Amino acid sequence: MTELQTDYLIIGTGAMGMAFADVVLSETDATMVLVDRYAKPGGHWNVAYPFVRLHQPSAFYGVSSRELGTGQIEVGGLNDGLGELASGAEVSAYFDAVIRQQFLPSGRVNYFPMSNFDGASDDNVGTFTSLINGKTTRVKYKKLVDCTHLKTSVPSTHTPNFTVADDVRFMPLNDLPKISEPPEGFVVIGAGKTGIDVCLWLLEHGVDPDDIRWIMPRDAWLIDRKNTQPTIEFFGDTMEAQAAQFESIASADSIEDMFDKLEACGYFLRIYKDTRPQMFHGATISQAEVAQLRRIKNVVRLGRVSAIERDKIALDRGDIPTTPKTLHIDCSARAIANVELKPIFQGDLITPQMVRSYQPVFSAAFIAHIEATREDEAEKNRLCGVVPLPNHDTDYLRFTAAFMMNQYNWGQDKEIRSWLLENRLDGFSKLAKSITKDDTEKMAIMERLRANSFPAMAKLQGFLAQLDG
Ligand SMILES: Cc1cc2nc3c(=O)[nH]c(=O)nc-3n(C[C@H](O)[C@H](O)[C@H](O)COP(=O)(O)OP(=O)(O)OC[C@H]3O[C@@H](n4cnc5c(N)ncnc54)[C@H](O)[C@@H]3O)c2cc1C
């Protein structure tokens with residue numbers, strides 16, 4: 001059996017493992033062993049559907065040390081006028097280049113693709129087995145980094161939690177481009193980001209909106225992509241949205257009133273105005289995409305699917321008819337399946353999770369920086385408070401409160417403030433710092449942001465006490 005020694009044994013070379021390793025490489029002299037079941041880095045992007053794209057700008061995705069994309073503003077299409085969104089193929093090629101051109105030439109990284117991590121013993125020895133040659137390798141490590149915790153689930157690899165009869169036309173969205181004969185109609189199962197992507201793809205390919213039935217167990221609050229642009233020309237959108245968010249929270253009389261205000265100020269969008277969202281997964285969307293989706297009128301709100309049969313679909317609150325010639329598309333995988341929280345630093349185990357809402361790669365890079373620069377475990381965990389992942393609408397309160405607390409703590413620390421300013425995955429600190437005192441309009445936005453942040457935090461605590469009380 002082969003034996004290796006390393007400082008960090010990193011399990012998972014998805015976006016989080018890659019962002020973590022990148023900072024360890026640039027900020028320490030440590031050695032690393034990277035292990036992953038897939039043949040290439042990038043995690044779930046290896047098995048994503050062919051028409052997948054990032055839903056937030058490429059400008060702040062990937063690893064800290066390398067730009068993703070060219071910073072262009074897209075012209076035409078449903079992301080017109082907004083920062084480019086890398087395709088799945090571009091994201092995969094990017095991570096491959098990071099491994100080949102940066103990690104491996106450093107001489108400090110050993111990469112084992114096509115290998116399953118089997119587990120670790122109490123004396124810091126991890127083992128993994130090649131899925132190709134069956135050989136097992138033992139690794140003596142100082143720290144184990146578990147970048148598999150979030151258990152990202154995508155339609156091509158998950159098992160639906162409903163039954164499908166044999167003669168039903170059913171496929172994950174990955175197989176859509178293989179269609180060779182137009183079906184009688186389409187049923188899209190799921191209303192998260194992948195369900196949205198399928199509906200947009202069908203409409204883009206000229207499918208009549210009336211031929212699409214959209215099974216939507218819950219409507220979702222969505223984030224306007226215009227407000228997530230990390231470059232100066234979008235200051236008035238991005239920072240204004242932040243200020244308006246804090247104002248909305250601070251001035252709300254109730255949780256319901258808070259959501260109303262967040263929608264009225266443009267922070268949240270919803271597709272269908274007549275139904276109150278109950279879900280929030282942080283999906284990001286452009287207004288042009290919302291307008292397209294509203295063309296689909298046939299929305300089924302009868303809960304979750306329990307079975308698809310030859311001539312009917314059974315749902316929690318009733319059945320709807322279907323036909324053998326209708327195509328049923330599975331978009332029911334929950335992107336991040338594991339919402340269990342644990343301390344990020346626990347002895348020799350590091351478990352990267354979110355420390356800033358909606359930002360997995362920034363979070364992994366930040367955690368690596370704290371690992372590289374701080375000693376005391378309690379202090380490291382204080383600086384890396386876990387931001388819970390949202391599911392229900394009210395989870396927005398929990399993760400916003402946790403994220404604001406982290407942001408406050410980071411703001412008190414000079415070294416962290418300057419790291420944030422330099423790190424490309426944090427577009428927003430730079431944006432805030434880029435304005436000059438004579439720019440009165442932008443200064444006014446920053447003043448609103450500052451003035452409302454403490455009142456918003458206090459209000460969130462009050463609402464959370466009501467929810468938990
Ligand atoms: C369609 C889609 C679009 C998205 N768009 C964005 C976006 O625009 N911006 C954004 O910030 N986020 C986006 N996300 C969120 C996305 O989940 C994260 O960006 C990120 O890719 C998650 O990376 P990860 O490393 O946590 O997980 P994964 O990509 O799942 O990586 C985990 C890795 O661990 C490996 N692994 C697991 N168990 C083992 C084992 N026992 N042995 C060996 N290897 C193992 C797996 O093979 C995998 O490679 C998107 C997600 C989806 C699904």
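Visitor: Let us begin with a single residue pair. Which residue in β10 is the bridge partner of Val-188?

Guide: Please keep in mind that this is a predicted model. The bridge partner of Val-188 in β10 is Trp-214. Strand β9 (residues 185-189) and strand β10 (residues 212-215) pair in the parallel sense over four bridges.

Visitor: With which other strand does β9 pair, and in what sense?

Guide: Strand β9 also pairs with strand β18 (residues 326-330), in the parallel sense and over five bridges. Two residue pairs may be followed in the model: Phe-186 has Leu-327 as its bridge partner in β18, and Val-187 has His-328.

Visitor: How should I think about side chains along a strand?

Guide: As a general idea, the side chains of a regular strand alternate between the two faces of the sheet.

Visitor: What is the order of the strands in the sheet that contains β9?

Guide: The order is β8-β18-β9-β10-β14, an open sheet of five strands with parallel pairing. The edge strands are β8 (169-172) and β14 (299-300), each of which pairs on one side only. Helix α3 packs on this sheet, where it touches β9, β10 and β18, and its direction makes about 160° with that of β9.

Visitor: Which hand does the unit made by β9, α3 and β10 have?

Guide: Strand β9, helix α3 (residues 193-204) and strand β10 make a right-handed β-α-β unit.

Visitor: Why is β9 described as largely enclosed by the rest of the structure?

Guide: A residue counts as buried when 20 or more other C-beta atoms lie within 10 Å of its own. Four of the five residues of β9 are buried, so the strand is largely enclosed by the rest of the structure.

Visitor: Let us turn to another sheet. What is the order of its three strands, and what kind of pairing does it have?

Guide: This open sheet has the order β12-β11-β13, and its pairing is mixed. Strand β12 (268-269) and strand β13 (284-285) stand at the edges with a single partner strand each, so one side of each is left without a neighbour in the sheet. Strand β11 (residues 222-224) pairs with β13 in the parallel sense over two bridges. Within that pairing, Asp-224 has Ile-285 in β13 as its bridge partner.

Visitor: How does one describe two helices that pack together?

Guide: Two packed helices are described by the angle between their axes and the distance between the axes. Here, helix α4 (residues 235-251) and helix α12 (residues 440-468) pack at an angle of about 35°, and their axes are 7 Å apart. Their crossing is left-handed.

Visitor: Which residues of α4 and α12 meet?

Guide: Among those of α4 are Phe-235, Met-239, Ala-243, Phe-246 and Ile-249, while those of α12 include Ile-445, Met-446, Leu-449, Ala-456 and Leu-460. By class, the contact of α4 with α12 has twelve nonpolar, three polar and five charged residues.

Visitor: Where does Met-457 lie, and which residues does it touch?

Guide: Met-457 lies in helix α12. Leaving out residues up to four places away in sequence, Met-457 touches Ala-401 and Met-404. Met-457 counts as partly exposed, with 19 C-beta neighbours inside 10 Å.

Visitor: What is the phi of Met-114, and what is that of Asn-124?

Guide: Met-114 has a phi near 50°, a positive value in a residue other than glycine. Asn-124 is not a glycine either, and has a positive phi of about 60°. Met-114 is placed in the loop between β3 (109-112) and β4 (115-120), and Asn-124 in the loop between β4 and β5 (125-130). Met-114 counts as partly exposed, with 15 C-beta neighbours inside 10 Å; Asn-124 is partly exposed, with 16 other C-beta atoms within 10 Å.

Methods: Residues numbered from 1 in each chain as written. Predicted model: local features only at pLDDT ≥ 70, side-chain atom pairs only at ≥ 80, totals over all residues. Buried ≥ 20, exposed ≤ 12 C-beta atoms within 10 Å, placed from the backbone. Pairing = 2+ DSSP bridges. Right-handed = clockwise from strand over helix to strand, strands pointing away. Contact = placed C-beta atoms within 7 Å. Axes fitted to C-alpha atoms, helices over the stretch in contact; angles between N-to-C directions. Left-handed = near helix turned anticlockwise from the far one by under 90°. Nonpolar A, V, L, I, M, F, W, Y, C, P; charged D, E, K, R; others polar.
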